[in-house]
Amino acid sequence: MSGSHTVVEHGAQEPFLQHHFHDLGQQAEASKIGMWLFLVTEILLFGGLFVGYGIMRMLHSQAFHEGHLHLDRSLGALNTVVLLVSSFTMAMAVHSARTGNRQRLILFLAATLAFAGVFLGVKYVEYSHKFHDGLLPGRFYRHAGDSVPGVAVFFSFYFVMTGLHGLHVLAGMVAISWLLRRAVRGDFSATYYAPVDLTGLYWHLVDMIWIYLFPLLYLIS
Amino acid sequence: MSTHAENKNAVRTYSIVLGALLTLTAVTVTAAGINFGSAFINVVIALAIASAKASLVALYFMHLRHDRPMSAIIFVTGLAMLAIFLMFCFLDTLSREQVQPGLTAQAPARAVSISARILSAS
């Protein structure tokens, strides 16, 4: 009947429209709701760590203070700036996609990927320093000369929280690389850019989590 | 063309938001060096600044301000769940003194000994 005919026509016009959606607008709205639901599960995943952090910091406030002195505040601040700027370039990438500007989309995606790489590079420098000094999580803690017990607890939280966050940055880099490939291929247009939009949302959430991690780990006073 | 105006507008908005985020980062680093009376007040100030930054990211970079309300409803519901999670865990930890006097005073030592047990067991 005419119904199936319409579907074929749709498919021919919009290669990225899945058959169970009316149009690209509906498809984008549906996928956006899915993305926000996923982001909420991410918030609760990190939420468990934040709750644990809060309780342990309350119980070992001195150890957390002493532990944080081993962190390099300026490297933490540098990484905060890098991630904030990468969020800006990601927002610009989404905007470029929405306005159908392929050149700028590629440029801003590449910039975001580069900033993400810088972030992980700085993290690598920080981790190497911690490994060298024996400032390791839990039973691997080898640092001598602490004035209070329990500094290992701080480093357990430091490594699990920044480690999980770092994995998210890495996953974001994989997603952005995939977007870059598709952008170069010319998949995206002003009517179809949902993957860029959704990856943007994910990237901003990763940025948002770091916004809390920075003062909680590096700025204990 | 309206698209050109919209283009300039978005770039302007995102740039202002980035400027505000970087300024707030400088503010939080500075605030950490000031003693506001107690460690607790310092934490509250640090978290307030972080929340201001997170709100800017959510409202502008994540488009919640101009998006359909469904995204914000999902997001805020998630945050409410996190608030309940946080609140009850802290309520529990902070009210133990009333339930069993003397427990909180021993808490740091107890927690360390529990941590030590976990560490030596593994």
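The model is predicted: local features need pLDDT of at least 70, side-chain atom pairs count only at pLDDT 80 or more, and totals for chains, interfaces and linings use all residues. Residues are numbered from 1 along each chain as its sequence is written, while chains are lettered from A and ligands numbered from 1 in the order in which they are written.

**Fold of chain A**
- Chain A has 7 helices and 0 strands (DSSP runs numbered from the N terminus: helices are H or I, at least four residues; strands are E, at least two).
- From the N terminus, its elements run α-α-α-α-α-α-α.
- The radius of gyration, taken over C-alpha atoms, is 22 Å for chain A, well over the 17 Å that the globule rule gives for 221 residues, so chain A is more spread out than a compact globule. That rule is 2.2 Å times the number of residues to the power 0.38.
- The C-alpha trace of chain A spans about 80 × 30 × 25 Å along its principal axes.

**Contacts within chain A**
- Contact means C-beta atoms, placed from the backbone, within 7 Å.
- Of contacts in chain A between residues at least 6 apart in sequence, 74% join residues at least 24 apart.

**Interface of chains A and B**
- Here 41 residues of chain A are in contact with 40 residues of chain B.
- On the chain B side, helix 1 (2-32), helix 2 (39-61), helix 3 (69-94) and helix 5 (103-121) each give two or more residues.
- Helix 3 of chain B gives the most to that side, with 13 residues.

How values were computed
Contact = placed C-beta atoms within 7 Å.
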